[in-house]
Amino acid sequence: MATDVLCEVDSCTYWASGNRCDAAKIYVVNSRNTDEASNSEETDCKTFEKKEDDVIS
Ligand code: SF4
């Protein structure tokens with residue numbers, strides 16, 4: 001089981017500084033372009049949630 005997930009997708013609400021994932025668990029799926037991934041580019045993180053844009057006040 002992975003205990004440390006590194007991720008560079010800083011537009012995700014679970015992303016934390018140092019390229020860390022703060023989600024309690026993640027769900028990785030085959031990308032929508034394939035039914036059976038052959039390489040990492042054909043996988044997607046389904047746990048991704050778009051981070052709300054920072055509001056400049
Ligand atoms: S939930 Fe997925 S996309 Fe979001 S920070 Fe974690 S690994 Fe990255």
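Why does A23 count as partly exposed? A23 counts as partly exposed because 17 C-beta neighbours lie inside 10 Å. On this scale a residue is buried with 20 or more other C-beta atoms within 10 Å of its own, exposed with 12 or fewer, and partly exposed in between; C-beta atoms are placed from the backbone.

This is a predicted model: local features need pLDDT of at least 70, side-chain atom pairs count only at pLDDT 80 or more, and totals for chains, interfaces and linings use all residues. Residues are numbered from 1 along each chain as its sequence is written.

**Overall build**

The protein chain has zero helices and four strands. Its elements run β-β-β-β from the N terminus on. Helices (H or I, at least four residues) and strands (E, at least two) are DSSP runs, numbered from the N terminus. The radius of gyration of the protein chain is 13 Å, whereas a compact globule of 57 residues would have one near 10 Å. That radius is taken over C-alpha atoms, and the globule rule is 2.2 Å times the number of residues to the power 0.38. Along the principal axes, the C-alpha atoms fill a box of roughly 45 × 25 × 15 Å. Of the 57 residues, 2% count as buried. Among contacts between residues at least 6 apart in sequence, 24% join residues at least 24 apart. A contact needs C-beta atoms, placed from the backbone, within 7 Å.

**A23 and the ligand**

A23 sits in the loop between β2 (20-21) and β3 (28-30). Leaving aside residues up to four places away in sequence, A23 touches Y14 and T47. A23, Y14 and T47 are also among the residues around the ligand, including W15 and F48. Near here means a C-beta atom, placed from the backbone, within 6 Å of the molecule or strand. By class, this shell has eleven nonpolar, one polar and no charged residues. Ala, Val, Leu, Ile, Met, Phe, Trp, Tyr, Cys and Pro count as nonpolar, Asp, Glu, Lys and Arg as charged, and the others, Gly among them, as polar.

**The β1–β2 loop**

S17 lies in the loop between β1 (15-16) and β2. S17 is exposed, because it has 7 C-beta neighbours inside 10 Å. N19 lies in the loop between β1 and β2. N19 is exposed, with 12 other C-beta atoms within 10 Å. Phi of N19 is near 55°, a positive value in a residue other than glycine.

**C-alpha separations**

| Pair | Apart along the chain | C-alpha separation |
|---|---|---|
| A23 and T13 | ten residues | 9.0 Å |
| S17 and R32 | 15 residues | 28 Å |

Terms used: Contact = placed C-beta atoms within 7 Å.
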